[in-house]
Amino acid sequence: MKLQQKSTIQKERRIKRVRNRISGTSDRPRLCIFLSNRSIYAQLINDVEGKTLVSASSKESKDSGRNVKKAAMVGELLAKKAKEKNITKAVFDRRGYKYHGRVKAIAEGARKGGLNF
């Protein structure tokens, strides 16, 4: 098995392992994140209905900066949008990423914006 294939399989297993324990509802939606090389995305998802309630990305802010700073702004933006829809609680889904750097910045930004998880 090639290294790239093995790492892809391992990442998929981590994602599935986290998702088996976490599920979002209308009262406590799942805060799911995705990190690409260029952008950072975050969503609040109701898994019961299969709908995205709120989303935010680093593309929405015109402010440029380092990735960790962008991630914190995405978390705050998501929390602000969630507050407008009367969402105060969420379940954090890190999707198999380690809890440091951009992932940690998104979580802290969302908490700073008023989202509890």
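A: Gladly; let us begin with a pair of strands. Strand β2 (residues 40-46) pairs with β3 in the antiparallel sense, over 6 bridges. Helices (H or I, at least four residues) and strands (E, at least two) are DSSP runs, numbered from the N terminus, and two strands pair if DSSP finds at least two bridges between them. As for the source, this is a predicted model, where local features need pLDDT of at least 70 and side-chain atom pairs count only at pLDDT 80 or more, while totals for chains, interfaces and linings use all residues. Residues are numbered from 1 along each chain as its sequence is written, and side-chain values use heavy atoms, with hydrogens and water left out.

Q: Which residue in β3 is the bridge partner of Ala-42?
A: Ala-56 is the bridge partner of Ala-42.

Q: What is the order of the strands in the sheet?
A: Strands of a sheet pair through backbone hydrogen bonds, either parallel or antiparallel. Here 4 strands form an open sheet with mixed pairing, in the order β3-β2-β1-β4. β3 (51-57) and β4 (91-93) are at the edges with a single partner strand each, so one side of each has no neighbour in the sheet. From one strand to the next, the twist averages 20°.

Q: How do the elements of the chain run from the N terminus on?
A: The elements run α-β-β-β-α-β-α, which comes to 3 helices and 4 strands.

Q: Is Asn-46 buried or exposed?
A: Buried means under 20% relative accessible area, exposed over 50%, and partly exposed in between (1.4 Å probe, protein chains only). Asn-46, in strand β2, has a relative accessible area of 2%, so Asn-46 is buried. Leaving aside neighbours within four places in sequence, the contacts of Asn-46 include Gly-24, Lys-51 and Leu-53.

Q: Is Asn-86 buried or exposed?
A: With a relative accessible area of 70%, Asn-86 is exposed. Asn-86 lies in the loop between α2 and β4, and its phi is near 60°, a positive value in a residue other than glycine.

Q: Where is Arg-95 found, and what is its nearest side chain of opposite charge?
A: For charge, Lys and Arg count as positive and Asp and Glu as negative, while His and the chain ends are not counted. A salt bridge is a side-chain nitrogen of Lys or Arg within 4 Å of a carboxyl oxygen of Asp or Glu. Arg-95 is in the loop between β4 and α3. Arg-95 is buried yet has no salt bridge, the nearest side chain of opposite charge being Asp-93, 5.5 Å away. Not counting residues up to four places away in sequence, Arg-95 touches Ile-15, Val-18, Cys-32, Ile-33 and Phe-34. The phi of Arg-95, near 55°, is a positive value in a residue other than glycine.

Definitions and conventions
Axes are lines fitted to C-alpha atoms, for helices over the stretch in contact, and angles run from 0 to 180 degrees between N-to-C directions. Contact means heavy atoms within 4.5 Å.
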